[in-house]
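Please work through each task before reading its solution.

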Amino acid sequence: MTSAPATATAPAAVRAPAKIAVVGAYGAGKTSLIHAAGAATGLPSAHGTPMRDPAGGAAKPLEEATEPELVQLVVRRLTERALAEAALPGAFLSDGSLLHEWVYATVRLAVGLHPGPDVPYEAVRAGAGPYREVLDHLGREVLHRALSGYDAFVHLPVEFPLGDPVPPISEHFRALSDRLLLDTLERAGATVHTVTGPPPQRLAALTALIEA
């Protein structure tokens, strides 16, 4: 997997007040950047609860959720995120976006949590099965709401490996997730601002976008 260059990309301005979704694969640094940007600008942020423990069954981590439980958890997070964002009528930062959980579930159902580097992106698009069909239709609704609900998408590419003692996903899963996210937004005609580099440079670029 090729990493993005460690430089900050100056994003174009968006209208203010802005509702900005900071997007990227698991472990890309979204939450840390949003906390720093919120402290620097005073903007509130929208989050969801940890994606685990499906209702109606035994408590379990996300990695152990079955296919129907995974869809249930996606719907839970979508509801939580929509409510959190609706409670912020002005400008805000979204940790991920309404698309985030949908991307995770789509890749997981297609190729599993630890696909090897030889698994092509086409395998994600070619995924099949009843729950995949449900996710595909759910994704259309989620994309519609994301495009109408955010003024800008700020993308953090995968630039460093996961630091988890036992990574819950493979590095290639992250790469596939990132590509599905960007591919979905590109096909929809959304404008995506890419912010790269170490944390201070990312913060400077996002702050400039917010304050433009």
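Axes are lines fitted to C-alpha atoms, for helices over the stretch in contact, and angles run from 0 to 180 degrees between N-to-C directions. The model is predicted.

**Exercise 1.** Determine how the axes of helix α3 and helix α5 are oriented relative to each other.

*Solution.* 
Step 1. Helix α3 spans residues 100–111 and helix α5 spans residues 130–149; their axes come within 10 Å and cross at roughly 155°.
Step 2. Angles over 145 degrees count as roughly antiparallel, so α3 is roughly antiparallel to α5.
Step 3. The handedness of the crossing of α3 and α5 is left-handed.

**Exercise 2.** Identify the residues through which α3 and α5 meet, and sort the contact by class.

*Solution.* 
Step 1. From α3 come W102, A105, T106, L109 and A110, which meet Y131, R132, L135, D136 and G139 of α5.
Step 2. Sorted by class, the contact of α3 with α5 holds six nonpolar, two polar and two charged residues.

**Exercise 3.** Describe the largest nonpolar core and the elements that supply it.

*Solution.* 
Step 1. The largest nonpolar core has 39 residues, and L99, V107 and F153 have the most contacts inside it.
Step 2. At least two residues of this core are supplied by each of β1 (19–23), α2 (67–86), α3, α5 and α6 (171–187).
Step 3. The most is given by α3, with seven residues.
Step 4. Apart from neighbours within four places in sequence, V107 is in contact with G112, V124, F173, L176, S177 and L180.
Step 5. A second, separate core of 18 residues includes A37, L93, V154 and L206.

Note on methods:
Residues numbered from 1 in each chain as written. Predicted model: local features only at pLDDT ≥ 70, side-chain atom pairs only at ≥ 80, totals over all residues. Heavy atoms only, no water. Helix = DSSP H or I, 4+ residues; strand = E, 2+ residues; numbered from the N terminus. Parallel < 35°, antiparallel > 145°, perpendicular 65-115°, else oblique. Left-handed = near helix turned anticlockwise from the far one by under 90°. Contact = heavy atoms within 4.5 Å. Nonpolar A, V, L, I, M, F, W, Y, C, P; charged D, E, K, R; others polar. Core = buried A, V, L, I, M, F, W, Y, C linked by side-chain atoms within 4.5 Å. Buried < 20%, exposed > 50% of the residue type's maximum accessible area, 1.4 Å probe, protein only.
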